Amino acid sequence: MSWKEKLIIALDVSDAKQALGIVDMLGDYAGVFKVGFELFVSAGPKVVEEIHKKDKKVFLDLKFHDIPNTVSKAAVAAARLGVYMFNVHTSGGLEMMKRCRDSVAELCLKENIQKPKIIGVTALTSLDNEILKNELCIQHSLKTHVKHLASLALKSGLDGVVASPHEISMIKQHCGKEFLVVIPGIRPSWVPPDDQRRTATPKEALRSGADYIVMGRGILKQEDPIKALELISLEILTA
Ligand code: C5P
């Protein structure tokens with residue numbers, strides 16, 4: 001799998017036309033395009049259909065977090081949209097994740113739909129140890145917290161987790177090589193971290209074993225996104 005197939009570009013815009021323009025511009029550079037809150041709330045499921053018409057895969061990043069019944073129904077709707085991947089918050093608990101997985105598996109079998117990858121969000125990459133302790137009152141370290149949530153996702157039968165670049169090897173060691181790790185918080189060396197706190201460069205994340213890296217501002221906020229991608233590619237491919 002080439003590194004470009006592992007690249008997920010975050011379509012963090014509010015306008016479908018702009019999003020589809022990005023897909024056209026960067027279609028040859030990325031395997032998957034991510035539709036998150038901003039785009040989905042503004043443009044609705046139609047934008048997902050439009051991306052599919054361009055033969056591109058979609059990661060629906062709506063981070064479902066609700067009671068098991070509500071999440072499993074939202075998950076079924078996501079699977080019916082034909083997305084490649086979607087996510088739920090692991091902190092919704094074991095039953096929520098299991099019911100989500102079971103409902104999706106049942107639907108896909110019944111309606112002959114390709115089963116989407118279900119990914120659990122562990123701790124957001126905008127959190128650090130201080131926030132965890134002082135704001136969320138979680139007394140153990142971020143690493144311990146992420147390890148625990150990743151184990152819960154594994155136990156629930158999810159396909160993998162979203163975590164920070166700093167936790168990749170720990171998750172692979174603990175949950176096995178096949179358990180997917182999807183990594184945001186990616187910043188090329190020449191781009192500021194913005195609101196992300198646990199970051200790494202694309203090369204560092206891929207070297208640590210990331211199955212997918214998610215990039216938004218590190219590409220789309222650059223003056224020339226294609227040039228930025230070529231620089232990143234050069235950095236990754238040089239030893
Ligand atoms: O612009 P940037 O590369 O920081 O964007 C990262 C993307 O990944 C955003 O769309 C954000 O919502 C998403 N994301 C994240 N941290 C997570 C899960 C998703 O940054 N834990």
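Visitor: Why does D159 count as partly exposed?
Guide: Its relative accessibility is 25%. Buried means under 20% relative accessible area, exposed over 50%, and partly exposed in between (1.4 Å probe, protein chains only). The value for D159 falls in between, so D159 counts as partly exposed.

Visitor: Where do the values come from?
Guide: This is a predicted model, in which local features need pLDDT of at least 70 and side-chain atom pairs count only at pLDDT 80 or more, while totals for chains, interfaces and linings use all residues. Residues are numbered from 1 along each chain as its sequence is written, and side-chain values use heavy atoms, with hydrogens and water left out.

Visitor: What makes the pair D159 and K115 a salt bridge?
Guide: Their side chains meet at 3.7 Å, N to O. A salt bridge is a side-chain nitrogen of Lys or Arg within 4 Å of a carboxyl oxygen of Asp or Glu, so this pair qualifies. D159 sits in the loop between helix 7 (142–155) and strand 6 (160–162), and K115 in the loop between helix 5 and strand 5, so the pair ties together parts that are 44 residues apart in sequence. K115 is partly exposed too, at 37% relative accessibility. Elsewhere, salt bridges that share partners link R187, D194, D195 and R217 into one network.

Visitor: How many salt bridges does a search of the whole structure find?
Guide: The search finds 15. One of them joins D61 to K34, with the closest N and O atoms 2.6 Å apart. D61 belongs to strand 3 (residues 57–64) and K34 to strand 2, so the pair connects parts 27 residues apart in sequence. Helices (H or I, at least four residues) and strands (E, at least two) are DSSP runs, numbered from the N terminus.

Visitor: Is D61 buried or exposed?
Guide: D61 has a relative accessible area of 6%, so D61 is buried. K34, at 7%, is buried as well.

Visitor: What separates K53 and E50 in helix 3?
Guide: They are 3 residues apart in helix 3 (residues 46–53), which means a separation of about one helical turn. K53 has a relative accessible area of 63% and is exposed, whereas E50, at 21%, counts as partly exposed.

Visitor: Which backbone oxygen lies 2.7 Å from a polar atom of the side chain of T122?
Guide: That oxygen belongs to V162. T122 is in the loop between strand 5 (117–121) and helix 6 (129–134). Its relative accessible area is 6%, so T122 is buried. Leaving aside neighbours within four places in sequence, its contacts include T90, V146 and A163.

Visitor: How do you know that strand 1 and strand 2 pair?
Guide: Two strands pair if DSSP finds at least two bridges between them. Strand 1 and strand 2 (residues 32–35) have 3, in the parallel sense, so they pair. I8 has V32 as its bridge partner in strand 2. Strand 1 is also joined by 3 bridges to strand 8 (residues 212–215), again parallel, with M215 the bridge partner of I9.

Visitor: Which residues lie on each side of strand 1?
Guide: In strand 1 (residues 7–10), L7 and I9 lie on one side and I8 and A10 on the other, and all are buried. In a regular strand the side chains alternate between the two faces of the sheet.

Visitor: Which residues touch the most other members of the largest nonpolar core?
Guide: They are L60, F86, I171 and I213, in a core of 69 residues. Helix 5 (residues 94–111) gives the most to this core, with 6 residues. A second, separate core has 12 residues, among them I8 and M85. A nonpolar core is a set of buried Ala, Val, Leu, Ile, Met, Phe, Trp, Tyr and Cys residues joined through side-chain atoms within 4.5 Å.

Terms used. A polar contact is a pair of N or O atoms within 3.5 Å; within protein, one must be able to donate a hydrogen and the other to accept it, and residues adjacent in sequence count only if both atoms are side-chain atoms. Contact means heavy atoms within 4.5 Å.
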